[in-house]
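Hi everyone, thanks for coming along.

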Amino acid sequence: MPASSRRDFLRLTGAAGGGLALTGGLPPFAAHAAPVRPPGVDIVPQDEATTIWYRTPAVEARIIQEALPVGNGRLGALVGCDPEDDFLYLTDGAFWTGGTNDTVTEDGQLPYGKDDFGSFGLLAKLRVALPGHSGDRLTDYRRQLDLSNGVVSATYRLRGVRHRREIYASHPDDVVVIRLSGDGPHTGSITLAGTHGETTSGDRAQLSFTGTLGNGLDYAAAVTAVGTGGRVRVDSGKITFDGCREVLITVCGGTNYSPDAAQHYRDPDTVPLAVARAKVTTAAKVPADTLLRTHVADYQRLYNRFSIDLGTSSQVQRSLDSWSRIAVRHTDSSTPDPELEAVYVQYGRYLTITGSRDWLPMNLQGIWVHNNEPDWYADYHTDINIQMNYWLADPAGLGANSLALATYCVSQLPVWTDVTKRLFNNEHNRFRNSSGKIAGWAIAFSTNIHGGSGWVWHPSGNAWLCNSLWRHYEYSQDRSYLELIYPVLKGAAEFWQARLIPTTVTDPDGTTREVLIDDTAWSPEHGGDSKGITYAQELAWELFEEFTTASRVLGRDAELASALAATQAKLYLPRVSPKTGWLEEWMSPDNLGETTHRHLSPLIGFYPGDRIAADTSPAALLEGVRALLTARGMDSYGWACAWRSLCWSRLKEAEKAYQLYLTILRPSMNNGNGTSANWFDMYSQGSYTIFQIDANLGGATAALEMILYSRPGVIELLPALPAAWADKGSVTGVGARGGFEVDLSWRDGKAKLATIRSVGGTTTELHAGDFRKKISLKPHESVTVRIP
């Protein structure tokens, strides 16, 4: 990592309000001082908490569909809550095989295998056994994910005696905590196993193992337990507890990964076994109530920044467990369940808080896998998936959690730049720059955490990553954040300055002109290779817009910015096809791909881009957008439905946007697309399904886009409010681009009251139907507007 970027890492302490303190240059898994304990915290009581709940434990054979997730951004776990034989599948965000992957195949592309490119995987399995806690003697079972407090729990009675267990992953203490409590004694055992043939050893009341992957990554995991009353000891490779009124179990694991290219992404000073053992020992010495309060205070600092109320559901709907409620909403499509639909947004926020905190962003599965063979290696897909993972953060009051994506890109930049210089213009790479010029950085469709890319080159991937990084600056207006990402923006812009090639086009009026177009590429993920694809042209336009703005704000590289502005003005921009009536996907009036393809690549300039906008673009162009979106259809994979919904919202087609939102929420049955019992989004592969977190996060974003649309200079209230939510509702803490947050209430489909708070922005215009009002604020000021 360049020295200037490292300084930016250390200086950046949580843009977008209340944010995320990066850990003073330490790698994410390292020894650190004990957290400051809160003097008190308001734990939301059961009858007031927002929950997802079930009447049965998760079945281990269906762990990815039924187990509940906990996480602290680095550690993740899937938890079953079986009273007699509980399981916990533990992950660490840096537990990756593979490496830099800086060789090319015979066709000039990059290898994409588990050993060369690498894969995210499962660190450990923990089991907690309580013999006899089963059968007819067990009653009143309830399992839940408490979104208000960030805790998974299970309660039940055994022979009439109340039992409770709670599980959470504490960010301040950096451990997973399991607490067994209630009115009766607990007798049972704990086992810990690695997933790569490690040997688990026991010492006093602690179990641990360590190992090294083939790429040299060291890792370890440890667990310990303390009891109140009774006895706890290690016996025959297990921790056993006997007659304990309460049992507190703390689990930790990690690697010696470091987000530092200069150190080859390893921290030579971190010994994972020593760190894991020290953390579980330290946490186990803290009273259980104090551990919980520390966790809840940290979690609520993020969770409580936002609220959403879409209306009141019926008592019958509320009485249903969460899986039944998803099913009933789908089968009874004419009866809205607004509380359910609001909780889905909060669940997306929970996944963001628990899955994205420190140095590494969420991959295809967030930080939750159940084996070492995840599809597509649970990688970072750069043509929608990693980007969609962060569409929710800023609108939902979690801008600080998007910093993981920025720090990842900055840490990978030195290797991405080096590999691009050496390999991108390989003579066998059909996507190479035909001019022979090369500059900046590029990536492939898949990236790992070691600076490596895999599969085929993705020339537009750098611009789309930059667009995602830029979104957080638009929401926060944080100059220090802009300084952090500036080298990433600049390198991508320089790549595109070298890549574009001239060609001559004939306009509809018969005139000819010279324009700049992308070299040979692929419109993800269909059609043949082509030049000047809409996807690339739009992303290049957005990138140049972003870089020239960043250059002006920071007072840097004025000459380069001027040259890029001139280049931007020469870009070929897509037309509406006279044959199909659609916005063209290729520089051709013909449709060269699949009409109903899952990707909306040619609409990237409409969402998430801004070059095409419903209130500023020519009607004919917007009709071309509408026609293409209509042709794509109203059904697809979850993430594709989320993207479609967002585009329909921008066209102000509320019911179509809402229909697609409900399609995401449909139950996944018979290995089909949809929402599983634990609310993970499932991607159908015919004979099985895959969890992909992007749809959870993109779907939640789609709900918010129906309520508020923003771009710098404009905040529009209720642009696409569906009838199901029109009666009355409210949101607080919604992020708006330009540097604002909005609280909003509505009734009978019309906005009534809005409070606009500046988090760095100064001017915007508020729109609500025909209502217009210019807003001028100093940073951190607010104004409340009553809308007639």
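**From charged pairs to the whole fold**

Let's begin with Arg 127, which is partly exposed at a relative accessible area of 23%. By that I mean between the cut-offs: buried is under 20% relative accessible area and exposed is over 50%, using a 1.4 Å probe and protein chains only. Before I go on, please keep in mind that this is a predicted model, where local features need pLDDT of at least 70 and side-chain atom pairs count only at pLDDT 80 or more, while totals for chains, interfaces and linings use all residues. Residues are numbered from 1 along each chain as its sequence is written, and side-chain values use heavy atoms, with hydrogens and water left out.

So what does Arg 127 pair with? It forms a salt bridge with Asp 85, with 3.2 Å between the closest N and O atoms. A salt bridge here is a side-chain nitrogen of Lys or Arg within 4 Å of a carboxyl oxygen of Asp or Glu. Arg 127 sits in strand β5 (residues 124-129) and Asp 85 in strand β4 (residues 85-92), so this pair ties together parts 42 residues apart in sequence. Helices (H or I, at least four residues) and strands (E, at least two) are DSSP runs, numbered from the N terminus. Asp 85 is also partly exposed, at 35%.

Now to Asp 86, whose side chain meets that of Arg 165 in a salt bridge at 3.0 Å, N to O. This one links strand β4 to strand β8 (residues 161-170), with the partners 79 residues apart.

Another bridge joins Arg 164 and Glu 166, at 3.2 Å. Arg 164 is partly exposed at 26%, whereas Glu 166 is buried at 5%. Shared partners join Arg 164, Glu 166, Arg 179, Glu 246 and Asp 289 into one salt-bridge network. Across the whole structure, the search finds 49 salt bridges.

Let's turn to the nonpolar side. A nonpolar core is a set of buried Ala, Val, Leu, Ile, Met, Phe, Trp, Tyr and Cys residues joined through side-chain atoms within 4.5 Å. The largest has 243 residues, and Trp 643, Ile 707, Leu 717 and Leu 744 touch the most other members. Helix α9 (residues 403-424) gives the most to this core, 13 residues. A second, separate core has five residues, including Ile 501 and Val 505.

Is helix α17 (residues 693-707) enclosed or open? Of its 15 residues, 15 are buried, so α17 is largely enclosed by the rest of the structure.

Asn 462 is in helix α10 (residues 461-476), and Asn 462 is buried, with a relative accessible area of 0%. Leaving out residues up to four places away in sequence, Asn 462 touches Trp 441, Ala 442, Ile 443, Ala 492, Phe 495 and Trp 496, where contact means heavy atoms within 4.5 Å.

Finally, the overall view. The protein has 17 helices and 33 strands. Its C-alpha atoms fill a box of roughly 90 × 60 × 55 Å along the principal axes. Buried residues make up 64% of the 788 residues. Among contacts with a separation of 6 or more, 67% come from residues 24 or more positions apart.
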